[in-house]
Amino acid sequence: MWTHEHTVETAVGVEAIWAVLKDLDNWAQWDTSMEAVSLEGPFEVGSHVSMTPSGQEPIRSRIVEIEEHARYADETEFGGVVLRFAHTLTRLPAGGARVTHRLEITGAAADEVGPELGPAITADFPEAMAGLLSHAAALPTPRV
């Protein structure tokens, strides 16, 4: 198994971050590694997501975990490995959130391809996280 995490803390609230994360059809607006992303079906565990990484052919992922305002994860299987991407949101006591973007590579070929494939995939995690938080910060604040 190969893993990598990128974590940031922000003043942006979990509700705003979650609103951007669950809007899969618009991920390419903030995740610069993607040319296109589209949800196939409802936003629920078991649904599929078509993702076209920049300069590559589309890949198909399956949503494997959703915990509203807290966690989203999907998996992509190919070539003897499973790529599990997860975003975890933790509400901070003083307001704002801690956001962790994690990649886990598992499967028969994980030890062989993980050390090369993993860093290539995760190199843009800081940029993608900045885009996610920027989009979330730009959302209108709900009135109570």
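1. A salt bridge here is a side-chain nitrogen of Lys or Arg within 4 Å of a carboxyl oxygen of Asp or Glu. The side chains of R84 and E65 meet this rule, at 2.8 Å from N to O. R84 lies in strand 6 (residues 81–91) and E65 in strand 4, so the pair ties together parts 19 residues apart in sequence.

2. This is a predicted model: local features need pLDDT of at least 70, side-chain atom pairs count only at pLDDT 80 or more, and totals for chains, interfaces and linings use all residues. Residues are numbered from 1 along each chain as its sequence is written, and side-chain values use heavy atoms, leaving out hydrogens and water.

3. The protein has three helices and seven strands (DSSP runs numbered from the N terminus: helices are H or I, at least four residues; strands are E, at least two). Their order along the sequence is β-α-β-β-β-β-β-β-α-α.

4. The salt bridges number nine. R62, E65, R71, E75 and R84 form a network of them.

5. E40 also bridges to R60, with the closest N and O atoms 2.8 Å apart. E40 sits in strand 2 (residues 34–40) and R60 in strand 4 (residues 59–67), 20 residues apart.

6. How exposed are these partners? Relative accessible area under 20% means buried, over 50% exposed, and in between partly exposed (1.4 Å probe, protein chains only). E40 is partly exposed at 34%. R60 is exposed at 51%. E65 is partly exposed at 23%.

7. Across the protein, 40% of the 144 residues count as buried.
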